[in-house]
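Please open the model in your viewer and keep the selection tool at hand. The stops below are meant to be taken in order.

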Amino acid sequence: MSLTVVIAVAALLFGIGLYGVLSQTNAVMIVMGVELMLGAAMLNVVGFLRYAWPEAVSGSFFVLVVMTLMALEAAVGFALITSVFRNRRTAEVDDLTELQG
Amino acid sequence: MNGRKLEGPAIDFAGLSPLLALLGGAVVVLMVGLLRGRAAREHGVPALSFATLAASLGLTIWQLDSSEELVAGALAIDGLGTVLNILFVSAGMATVLLSWRALAPRESAHGEFHALLLTSIAGMVVLAWSTNLVTVFLGLELLSIPLYVLCATEMRRATSLESGLKYLIVGSLGSAVFLYGLALIYGATGSTDFAGIAEANSAVGLSSDPLMLTGIALSVVGLGFKASVAPFHQWTPDVYEGAPTPVTAFMAVATKAAAFGIFLRLFDVALIDSATAWAPALAALATVTIIAGNVGALGQSSLKRMLAYSSVAQAGYMLAGVVVTSGLGVRATVFYLAVYLVMNLAAFAVIIARERETSLGDDLAAVEGIGATRPVLAWPMTIAMLSLAGIPATGGFIGKFFLIDATVDGGYAWLGFVIVIGSMISLAYYLRVIAAIWMRDAPAVAQSTPVPAGPRPALAGGSPEGDAGPGSVALGAESPPAQAGAVVYGGEPGGGKAHWEVALVAVLCAALTVAAGVVPQPLFDLVQRCGDAFTNLV
């Protein structure tokens, strides 16, 4: 295990998440993709904290704050998806085409 | 580490007071929103929300001269912070007035609407004060998450929900990319503190460090999503059009101010020594943004969509002030933010007023002929459009002049040229609105241009002349053309009537726009304070 491995895994996670956001049409899957991307960023911070800058403890606060915000964002996201689903009976983003021009 | 007593950081409560007022107000407003009395909810909540913002404004002015760290290097109050604070809070006060008798708070519960609004403003304040990557991300999310919900507050209108969901997806994607960039910057410098980052950057010379460069690139992308910089602007028209108009007005002005505040702080303080790496890239983005925004706005018939594209173009102008990395550039950007705030609020206030008076929603037809019938709305809209286009004697002209001056001074004269070209293109769509106001007749009901079908009409505030008389029913194609004089503009609440507070916001903001163009000195003096945050700039 070394920093390179951690960064590589994080980059892979980020890529998978980004692919998920761009390729999925279900809003739930898109939010999951975003969560993966945030997770990748946190993994990066933890990796740097462990291997590169063990004395820079502010990194651990960073991870804790991000973790909280990630949960909030997911909660609000799923709440919005639920209300869209109630209104439109769909969570497919391809069907949300009222606004364009 | 073990056994050592941890000492809490010193907290400067006087400096934090504008932020604490907002957060305290949000809690109180949420509680008052639970009262059973209708008047308490419909008028008490907005009044309290307004009072909270006024208190925060007062505290900000009280702290105007302070320049110090607030909490352990995480937040700092300085010139830039206080000036941006004034902008956020003023935008919030205008939004409270605009949404007082709007549909959105009624649909979603008043307490929640205003609590979310105040929380979002608190997030902007955190963002504008932050001197640390952790607080930057915290502020960004604290401002964004309530906004996602605010966009969707007209819960029975499909477009409002759609705009909320779109904003959520794009916004959280932007946040994730931004966070990844911040993580890499932390990895390259070993510090989350702006001062620490700048120090590591200048000591080691990280301008060619791949980690640092990737981090900077991803941060630019992430902030680009927030500030709607092309090519990350595609969400802007959809979200602006779908959101309730008071929320759109708030988003357009306050979010932009917050995003540019952090653009200035992150790039001109923490990453200043890598300027050779990011400045040309940002200059290219600014050019693309100016062109994409101005060209996109040309063919729009929805005023909100048009203003959305126009806000993209304006973001490009302001980005030029970040690119030049000079004190002049910082002042020009903040000056433009202030002017942008008043001129856009004036335009949005007129759109809101017409949405309530007619059934045309935010279509261009809604303002046709108001020069003759509603001069109190026609003049603010005209002034706002002229100012957005940058005609002399308006704030927009001085702002653009200041920005172009900064670009020429900073060695980016070609970017100043792009701003001029962009303004010339923009005249086409701004003047179209002015022509519609003064040179067309008010759309009579019988010959009315196609009413935007489906999503809007039922919620736009009723029929235009519904109360004018039995003959002029909005839907009757056979009804006699309603003359302008037949339209009654009463002060009664609700029911497709004009509301005085909306007109007040429009007139006040238009007056300020002209004032900023004729006597810009007070605003210059205010903006001058922003310099003290940037000790490393000329």
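This is a predicted model: local features need pLDDT of at least 70, side-chain atom pairs count only at pLDDT 80 or more; totals for chains, interfaces and linings use all residues.

Residues are numbered from 1 along each chain as its sequence is written, chains are lettered from A and ligands numbered from 1 in the order in which they are written, and side-chain values use heavy atoms, with hydrogens and water left out.

**Stop one: α11 and α14 of chain B**

Select residues 245-270 of chain B, which form helix α11, and then residues 327-357, which form α14; helices here are DSSP runs of H or I with at least four residues, numbered from the N terminus. Their axes come within 8 Å and cross at roughly 170°, where an axis is a line fitted to C-alpha atoms over the stretch in contact and angles run from 0 to 180 degrees between N-to-C directions. The two helices are therefore roughly antiparallel, a term used for angles over 145 degrees.

**Stop two: α3 and α19 of chain B**

Now select residues 79-99 and 500-518 of chain B, where helices α3 and α19 pack at about 150° with their axes 8 Å apart. That angle makes α3(B) roughly antiparallel to α19(B). The contact is made by B:Ala94, B:Leu97 and B:Leu98 on α3(B) and by B:Glu501, B:Val502 and B:Val505 on α19(B).

**Stop three: the second largest pocket**

The largest share, seven residues, comes from α19(B). To find the centre, select B:Ser90, B:Ala338, B:Leu341, B:Val342 and B:Leu512, which are the closest to it of the 24 lining residues.

**Stop four: the largest pocket**

Finally, select A:Phe61, B:Val71, B:Ala72, B:Ala74 and B:Asn132, the closest to the centre of the largest pocket among its 25 lining residues. Helix α3 (58-88) of chain A and helices α1 (13-32) and α6 (133-151) of chain B each supply at least two residues of this lining. A pocket, at both of these last stops, is an open set of points on a 1 Å grid over the protein atoms alone, where a 1.4 Å probe fits and protein lies on both sides within 12 Å along at least five of seven lines, and lining residues have an atom within 4 Å of a point.

Conventions. Angles under 35 degrees count as roughly parallel, over 145 as roughly antiparallel, 65 to 115 as roughly perpendicular and the rest as oblique. Contact means heavy atoms within 4.5 Å.
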